[in-house]
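Here are my notes for you, written as numbered points. Keep the model open beside you and look up each residue as it comes along.

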Amino acid sequence: MEIDLNEFLPYQLNQLATKISDDFASVYQQKYNLTISQWRIVANLAQFGQSNARELCSLANMDKSTVSRAIKALIDQGYLVTQLSEQDKRATDVMLNQRGKELYQRIAQDAYIWQRQLAANFSKDEQEQLLSLLIKLKTSFK
């Protein structure tokens, strides 16, 4: 038996994710000088609030060293602040400061425009169906 890559879902999803990620990188890399890992940290902190490196590894699906480097760079760039975790005194929580929140808002506005352009080829029903199918596929791996 052979695998036809044109019909092999993992291959097709990976190809699509790579293309979308590379295209979306123009929003946060070129204009705001962030790496993909830095963007993921900013986006997760904007959505979920303060967190520690371990939680961010899980949320952003990245390894600890990548998350640690991204956090350090974002602190150095003045987008994050740290504080000792109230739940675990051995851990440090990070959160967006005002400058980080403003950065996120600017990227979010650009991302909204980018996503609308991407979705322009689909009807509203197709967009909703695609999102529903992706969520269903993602939740099947719990």
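1. Start at Asn 52, where a polar atom of the side chain lies 3.1 Å from the backbone nitrogen of Arg 54. A polar contact is a pair of N or O atoms within 3.5 Å; within protein, one must be able to donate a hydrogen and the other to accept it, and residues adjacent in sequence count only if both atoms are side-chain atoms. Please keep in mind that this is a predicted model, in which local features need pLDDT of at least 70 and side-chain atom pairs count only at pLDDT 80 or more, while totals for chains, interfaces and linings use all residues. Residues are numbered from 1 along each chain as its sequence is written, and side-chain values use heavy atoms, with hydrogens and water left out.

2. Is Asn 52 buried or exposed? Asn 52 counts as buried, because its relative accessibility is 7% (buried means under 20% relative accessible area, exposed over 50%, partly exposed in between, with a 1.4 Å probe and protein chains only). Leaving aside residues up to four places away in sequence, Asn 52 touches Thr 92 and Asp 93; contact here means heavy atoms within 4.5 Å.

3. Asn 52 belongs to strand S1, residues 51–52. Helices (H or I, at least four residues) and strands (E, at least two) are DSSP runs, numbered from the N terminus. In S3, Asp 93 is the bridge partner of Asn 52, and Val 94 stands opposite Ser 51. These strands, S1 and S3 (residues 92–96), pair in the antiparallel sense over 2 bridges; two strands pair if DSSP finds at least two bridges between them.

4. Now step back to the sheet. Its 3 strands are ordered S1-S3-S2, with antiparallel pairing, and the sheet is open. S1 and S2 (80–84) stand at the edges with a single partner strand each, so one side of each has no neighbour in the sheet. S2 is joined to S3 by 5 bridges, and Leu 80 has Leu 96 in S3 as its bridge partner. S3 is largely enclosed by the rest of the structure, because 4 of its 5 residues are buried.

5. What pattern does the protein follow along the sequence? The pattern is α-α-β-α-α-β-β-α-α, built from 6 helices and 3 strands. Of the 142 residues, 28% count as buried.

6. Next, the largest pocket, with a volume of about 1800 Å³. On a 1 Å grid over the protein atoms alone, a pocket is an open set of points with protein on both sides within 12 Å along at least five of seven lines, and lining residues have an atom within 4 Å of a point. Grid points are joined across faces, edges and corners, and a volume is the space filled by probe spheres set on the points. The lining has 32 residues, and Ile 20, Gln 115, Leu 131, Leu 134 and Lys 138 lie nearest the centre. Helix H6 gives the most to this lining, with 9 residues.

7. The second largest pocket holds about 200 Å³ of space. Trp 39, Phe 48 and Tyr 104 are among the residues that line this pocket. H2 gives the most to the lining, with 5 residues.

Methods
On a 1 Å grid over the protein atoms alone, a cavity is a set of points where a 1.4 Å probe fits but cannot get out, and a pocket is an open set with protein on both sides within 12 Å along at least five of seven lines; lining residues have an atom within 4 Å of a point.
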